[in-house]
Structure formats: structure tokens, C-alpha cells
Amino acid sequence: MCGILGIVGHNDVAAQLYDGLTVLQHRGQDAAGIATANGSKLRVHKGNGLVSDVFDENSMSLLEGRVGIAHCRYPTAGSEGSDEAQPFYVNSPFGIALAHNGNLINTDTLRREVFEQDRRNVNTESDSEVLLNVFAHELDATKALNPDAAFRAIEGVHRRCVGGFAVVATVLGLGLVAFRDPNGIRPLVLGKRNSGGQDEYAVASESVALDLLGFERVRDVRPGEGIVVTPRGELFTRQCAEPREHTPCIFEYVYFARPDSMMDEVSVHKARMRMGQKLGEKILRLRPDHDIDTVIPIPDTSRDAALEIANVIGVKYREGFIKNRYVGRTFIMPGQGERAKSVRRKLNPIPLEFRNRVVLLVDDSIVRGTTSKQIVQMARDAGARKVYLASAAPAVRYPNVYGIDMPSAEELVAHGRTDDEVEKLLGVDWLIYQDLSDLEEAVSGPKQRISHFDSSCFNGEYVTGIEPGYFERIQQLRSDEAKKTRRA
């Protein structure tokens with residue numbers, strides 16, 4: 001999962017791109033980068049680390065231009081070196097910088113096509129660089145540089161690329177280009193503001209970046225839609241792919257997105273509150289005479305759900321863990337050993353909230369189980385009489401292939417195990433998962449703005465279809481053991 005941002009303004013945009021990245025930092029802490037276009041020059045600065053680590057006063061001063069894009073990254077498949085940082089750049093045609101959130105599932109085929117048919121070279125293992133070269137080749141084939149040419153190039157990308165993707169690019173002489181995959185799996189939001197009587201536009205992974213920068217959220221970029229904004233602030237849009245069923249990634253609402261974001265007309269905050277209501281109702285159905293004394297969230301993502309669970313089942317809500325905010329999100333730590341070490345550095349229990357109590361811990365989801373197991377033990381060490389664990393999401397049993405680094409199936413704690421077996425493995429007295437139908441209903445909300453989701457990590461149903469042998473290939477790339485080997 002990554003964060004992307006693009007801005008067209010009437011003054012230099014580098015500082016705004018930097019600020020926007022800081023509120024998208026939760027989407028990726030591995031690397032960051034900014035590219036700006038100024039006349040006939042395109043400048044790129046990127047590197048490994050947090051946004052604040054990558055950029056300094058000197059690097060920011062070089063990023064001149066009124067059109068720019070930005071990216072913060074966490075790795076899925078492939079290498080984890082500095083050459084994977086985005087945006088990527090090609091000088092033909094015209095000069096293009098591109099940043100991508102998501103994952104292509106036909107990368108191997110595309111890589112061969114790009115080399116053998118398009119006569120282009122890809123230097124990294126990143127599918128984003130492959131996507132850039134596909135877009136560049138399709139744009140070159142139009143023999144023109146205008147919004148219509150960009151839309152025809154995007155149509156070519158949609159014909160060739162399969163997977164989940166949201167893209168921002170800057171093309172010298174044209175402006176900002178943005179587009180979204182035909183199923184709308186990865187999010188992309190359009191914003192607008194007026195400065196000195198002139199319109200300025202931005203696109204971002206989440207609306208929080210637009211809020212910070214003073215852009216009004218206009219709407220979500222539609223699945224399969226292309227957007228072009230010229231340096232003069234002219235907005236052009238076109239549907240560039242045949243309409244398909246809109247299936248946004250439900251895990252965005254469970255874990256990745258900030259609660260103050262709006263995505264596909266759904267409030268993440270309210271969606272998580274409804275998750276808690278649904279789960280609280282399930283607890284009462286299963287154990288109407290429960291003995292829970294306290295509901296404690298595992299910070300931060302589960303707070304909204306935990307508070308509603310406490311309200312529904314009629315017990316106290318308490319903060320029982322103090323979080324060290326200077327440690328990254330353990331889900332996106334690069335290796336199992338590093339994740340294990342990070343939990344103790346990240347969380348510390350408040351013993352008074354656990355001592356002699358039956359506590360219900362609430363988490364947004366349970367993926368590998370390593371973190372959950374340690375937190376359960378921390379609760380016991382702090383004096384809890386019994387420890388129950390509720391997951392606001394169903395059991396994660398299948399890999400995610402559209403841009404979330406969920407490992408090979410064998411590394412998922414629920415894969416091939418019953419709920420009772422997972423319960424014993426995690427060391428809890430009771431484990432309760434959200435039902436998938438309840439999760440989808442919670443995210444869709446009373447207005448039912450979205451009727452279907454990509455819930456593949458829960459049900460194994462992949463909206464784009466999967467080629468034979470794909471899971472075996474990603475297991476070689478994504479497993480912790482494979483990543484350890486590449487870092488050696």
C-alpha cells in the first residue's frame with residue numbers, strides 16, 4: 001500500500017506536496033519521493049525512509065514547478081532497495097514521472113512485452129516502473145501531446161494492465177495525469193480550490209491530504225476514469241475503460257485509511273463505528289451472559305470499533321495500552337523478526353486497567369497473528385484474569401494481490417485453521433471474528449453507496465481473476481523468508 005498525491009497550482013507546489021505526504025505517511029514508511037515539472041525541466045528527489053528523512057531544505061529548494069506528484073511507499077513484492085523509491089522517470093516521450101499505488105498481477109507478461117515489443121528497458125523489480133513504460137509507450141504511439149492523446153494512452157494501459165492501481169503522473173508540456181483501475185480497487189480522490197480567482201486541482205489517495213492543503217473534495221475519481229489538468233488549471237476527464245463492477249478494497253476501511261478520510265463517498269470513521277456495532281451485536285448473540293469487565297482497543301485503528309462494542313454490550317471502555325508514536329506500523333514492518341521486536345517497543349500496558357479483570361481486546365484485524373499473540377501475553381502479564389480478543393474484520397485466510405503486502409497463505413495465522421485452532425494458537429480465552437456480511441454492510445452503510453467490495457483476503461474471490469501459477473510466484477517474492485534472503 002502506498003500514498004500518492006498530485007497538484008497543479010499557480011505557484012511552486014513542492015512544499016504542498018511535502019505537507020500532503022506527511023498526512024499520507026501511514027500508507028507507507030519505506031520510501032518517499034517528489035517530482036515537479038517546471039517548463040522543460042522535470043526534477044525528482046526520492047529516497048528510503050520517512051518523508052522527514054528524505055527531504056531537507058536543499059532538496060526542497062531544487063523542486064521548482066507548478067505541477068508535481070508525490071509518493072510514499074511500502075514494499076509489496078520485489079526488492080526493498082532505494083532504487084524502488086518513486087516517482088519513476090522516463091525521458092521518452094516528452095519526459096514522464098509517475099507514481100503508483102497498487103499492484104499489477106500480470107507484471108511478468110508486461111515486462112516481456114515492454115522489452116520485446118515496446119523496446120523499452122525496465123531497471124527495477126517494481127511493477128510501477130513497468131506500468132510507467134506501458135503508459136509511455138502508449139503515449140508515444142499517439143504521436144501527439146494533448147489531453148486526448150493522454151486519454152488514448154490510458155485506454156492502452158487499461159487494455160494491457162490487470163490489477164489494482166491508482167496513478168498520478170506529470171508529463172512535460174501537458175501537465176498532471178491521473179487514472180484509476182477499472183474496478184476502482186485502489187482509492188483516488190479529486191479536489192479543487194480557488195486561489196486568487198484561479199482554479200487549482202489535486203488528486204490524492206485519501207481526502208485528508210486535500211483537507212490539509214485547503215482543497216475541497218469534489219468527488220472520487222471514477223473506476224477506469226482518466227484525468228488531465230494542464231498547467232493553466234484546465235480540467236479534462238474521460239472514461240477510459242469499459243465500466244465494470246465497482247469493487248473498492250474493503251481492507252482500506254478496516255485498517256489502512258485514516259478515520260478522518262472520505263473514500264468512495266464513505267466516511268472511514270463511521271464505517272469503523274458500524275463495524276463495532278455489528279460485532280457487539282454478535283457478542284450478545286453468542287454470549288448474552290458474558291462476563292466481560294472492560295473493552296480495551298489495540299491502538300490506533302480499532303478505537304472507533306471498540307468504543308461502539310462497549311456501548312452495545314454495556315461495559316466500560318478503557319485505554320489500556322500506551323503507544324510509542326515513533327515506531328512504525330508493525331503490519332508493514334519488513335520481516336517477522338522485526339515485527340516481533342517492534343511490538344514491545346510500540347505498546348506498553350497500563351496494569352491498573354487489566355488487574356483481576358476479564359478484558360476484551362479489540363483489534364482491526366488479525367493477519368499473521370504474531371503481534372496479537374504478544375499483546376495477549378502482555379495483557380496476561382499485566383494481571384488480566386481472562387483475555388478475550390475481538391477482530392473487527394473476518395479471518396484473513398488468503399493473500400491480497402492488489403497492493404497490500406499480505407504474505408503467502410502459509411504465513412497467515414487463519415489459513416487452513418479453524419477459529420478454535422487460531423484461538424489456541426494466540427493464547428486467548430475466547431476469539432471472535434466479524435462476519436464478512438456484517439463487515440460489508442458496515443462499510444456500505446445505510447445508504448448502500450457501494451454494493452460490492454474486493455474482499456479477497458477474506459473470501460478468496462479475486463475480482464480480476466488470477467492466472468495459473470500466480471500465487472506460487474508471489475510466495476517466492478513476498479514471504480518473509482524470501483525478503484530475508486534478498487536483504488542478505
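## Report on a predicted model

Helix α5 is mostly covered, with 13 of its 16 residues buried. The model described here is predicted.

**The helix α5.** This helix takes in residues 127-142, and from its first C-alpha to its last it reaches 23 Å. That is close to the 22 Å expected at 1.5 Å a residue. What lies at the two ends of α5? At the start, the backbone nitrogen of Ser128 has a side-chain oxygen of Ser126 within 3.0 Å. After the helix comes Lys143, whose phi is positive, near 60°. An α-helix has 3.6 residues a turn, so residues three or four places apart point the same way.

**Strands β20 and β21.** Strand β21 covers residues 386-391, and five of its six residues are buried. Which way does β21 pair with β20, parallel or antiparallel? The sense is parallel, and the pairing of β21 with β20 (residues 358-363) runs over six bridges.

**Aromatic rings.** How many aromatic pairs does the structure hold? There are 12 aromatic pairs. In the pair of Tyr470 and Phe471, the ring centres are 6.0 Å apart and the planes stand at 70°; planes over 60 degrees apart count as edge-to-face, so this pair is edge-to-face. The two residues also have their own accessibility values. Tyr470 has a relative accessible area of 6%, which is under 20%, so Tyr470 is buried. Phe471, at 28% relative accessibility, counts as partly exposed. Elsewhere, ring pairs link Tyr74, Phe251, Tyr255, Phe256 and Phe458 into a cluster.

| Charged residue | Ring | Distance from the ring centre |
|---|---|---|
| Arg287 | Tyr388 | 5.6 Å |
| Arg287 | Trp430 | 3.9 Å |

In the case of Tyr388, the charged end of Arg287 sits over the ring. With Trp430, Arg287 lies over the face.

**Lys323.** Where is Lys323 placed? Lys323 is in strand β18, which takes in residues 321-323. Apart from neighbours within four places in sequence, Lys323 is in contact with Pro299, Asp300, Lys346 and Leu347. With Asp300 there is a polar contact between the two side chains, at 3.0 Å. Pro187 is 136 residues from Lys323 in sequence, and the C-alpha atoms of Pro187 and Lys323 are 28 Å apart in space.

Notes: Residues are numbered from 1 along each chain as its sequence is written. This is a predicted model: local features need pLDDT of at least 70, side-chain atom pairs count only at pLDDT 80 or more; totals for chains, interfaces and linings use all residues. Side-chain values use heavy atoms; hydrogens and water are left out. Helices (H or I, at least four residues) and strands (E, at least two) are DSSP runs, numbered from the N terminus. The expected span of a helix is 1.5 Å times one less than its number of residues. Buried means under 20% relative accessible area, exposed over 50%, partly exposed in between (1.4 Å probe, protein chains only). A polar contact is a pair of N or O atoms within 3.5 Å; within protein, one must be able to donate a hydrogen and the other to accept it, and residues adjacent in sequence count only if both atoms are side-chain atoms. Rings of Phe, Tyr and Trp (its six-membered ring) pair if their centres lie within 6.5 Å; planes under 30 degrees apart count as stacked, over 60 as edge-to-face and the rest as tilted. A charge sits over a ring if NZ of Lys or CZ of Arg is within 6 Å of the ring centre and within 35 degrees of the ring normal. Contact means heavy atoms within 4.5 Å. Two strands pair if DSSP finds at least two bridges between them.
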